[in-house]
Amino acid sequence: MPHQTPAHRDPRSPLVLDTRDLPRRPGALRVVERSVPAPADLGLELIGVPLGAELDLRLRLESVSEGVLVSGTISGPVSGECGRCLRPISDTLEVTIQELYAYQHSTTDETTDEDEVGRLRGDLIDLEPALRDAVVLALPTNPLCREDCPGLCPECGVPLDELPEGHAHQQLDPRWAALSQMKNSEE
Ligand SMILES: [Zn+2]
Ligand SMILES: [Zn+2]
């Protein structure tokens, strides 16, 4: 396994599941429920799970003939910025995971690519890549504070939501603008 990053095999990493107490007998089940801190860069440019935010894992590990099937949900807070008005957004996200992790030297291990089907490393499962994929898929590439966010006033750059209805800037003809300035200074 020359391409492993050591962090991904670290059994103390909160997103690494230890299957030692799951019998390797098809049908054997174990439930994993825990809260873990979110890893860095979990999300997209404008929105994501903040580093260290609490992720709730509710997973079922099931022995199947080729490996361990992990299914369940992971939920946590997301925060970001509205793509139109740039105001902060906070929300919660729940993603569903269903992934097979093949035993080393199983038929699946020998006939599939690691990008298609995950692998157990000894007794360990690294959930992080599957979690990243699920989160990225679930997040909007252009997040909005609300669906019909009107964005910013093109003249003054203030979010239109924060301005009174009918907010507008006087469009003065430059010639009249000069005149009105003269008038203002007289007053
Ligand atoms: Zn907005
Ligand atoms: Zn304005």
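Me: Is histidine 169 buried, exposed or partly exposed, and what is its relative accessible area?

Reply: The general idea is a set of cut-offs: buried means under 20% relative accessible area, exposed means over 50%, and partly exposed lies in between, computed with a 1.4 Å probe on protein chains only. In this structure histidine 169 is partly exposed, with a relative accessible area of 30%. This is a predicted model, in which local features need pLDDT of at least 70 and side-chain atom pairs count only at pLDDT 80 or more, while totals for chains, interfaces and linings use all residues. Residues are numbered from 1 along each chain as its sequence is written, chains are lettered from A and ligands numbered from 1 in the order in which they are written, and side-chain values use heavy atoms, with hydrogens and water left out.

Me: Which protein donors does the zinc ion (ligand 2) have?

Reply: Donors are N, O and S atoms within 2.8 Å of the metal (3.2 Å for Na, K and Ca), and since water is not among the atoms, sites may look incomplete. For the zinc ion (ligand 2) they are Cys153 (SG), Cys156 (SG), His167 (NE2) and His169 (NE2), at 2.0 to 2.3 Å, and the donor residues follow the spacing C-x2-C-x10-H-x1-H in sequence. Cysteine 156 and histidine 169 both lie in the loop between H3 and H4, so the pair ties together parts that are 13 residues apart in sequence. Cysteine 156 counts as partly exposed, at 35% relative accessibility.

Me: What arrangement do the four donor atoms make around the zinc ion (ligand 1), and why?

Reply: Ideal angles at a metal are 109.5 degrees for four tetrahedral donors. As a working rule, four donors count as tetrahedral if all angles lie between 85 and 135 degrees; four count as square planar and six as octahedral if opposite donors are over 155 degrees apart and all others between 65 and 115, and anything else is irregular. Around the zinc ion (ligand 1) the four donor atoms subtend angles of 106 to 114°, which makes the arrangement tetrahedral. The protein donors there are Cys82 (SG), Cys85 (SG), Cys145 (SG) and Cys149 (SG), lying 2.3 Å from the ion. Cysteine 85, in the loop between strand E6 (67-81) and strand E7 (88-102), is 64 residues apart from cysteine 149, in the loop between helix H3 (128-138) and helix H4 (174-186), and the pair links distant parts of the chain. Both cysteine 85 and cysteine 149 are buried. The site of the zinc ion (ligand 2) is also tetrahedral, with angles of 98 to 115° among its four donor atoms.

Me: Which residues have the most contacts inside the largest nonpolar core?

Reply: A nonpolar core is a set of buried Ala, Val, Leu, Ile, Met, Phe, Trp, Tyr and Cys residues joined through side-chain atoms within 4.5 Å. The largest here has 32 residues, and those with the most contacts inside it are Leu55, Leu59, Val70, Ile74, Leu127 and Leu131. The elements giving two or more residues to this core are E2, strand E4 (47-49), E5, E6, E7 and H3.

Me: What does the side chain of aspartate 109 reach at 2.6 Å?

Reply: A polar contact is a pair of N or O atoms within 3.5 Å; within protein, one must be able to donate a hydrogen and the other to accept it, and residues adjacent in sequence count only if both atoms are side-chain atoms. Aspartate 109 lies in helix H2 (residues 107-111), and its side chain reaches the backbone nitrogen of histidine 105 at 2.6 Å. A polar contact of 2.6 Å also joins the side chains of aspartate 109 and arginine 119.

Conventions:
Helix = DSSP H or I, 4+ residues; strand = E, 2+ residues; numbered from the N terminus.
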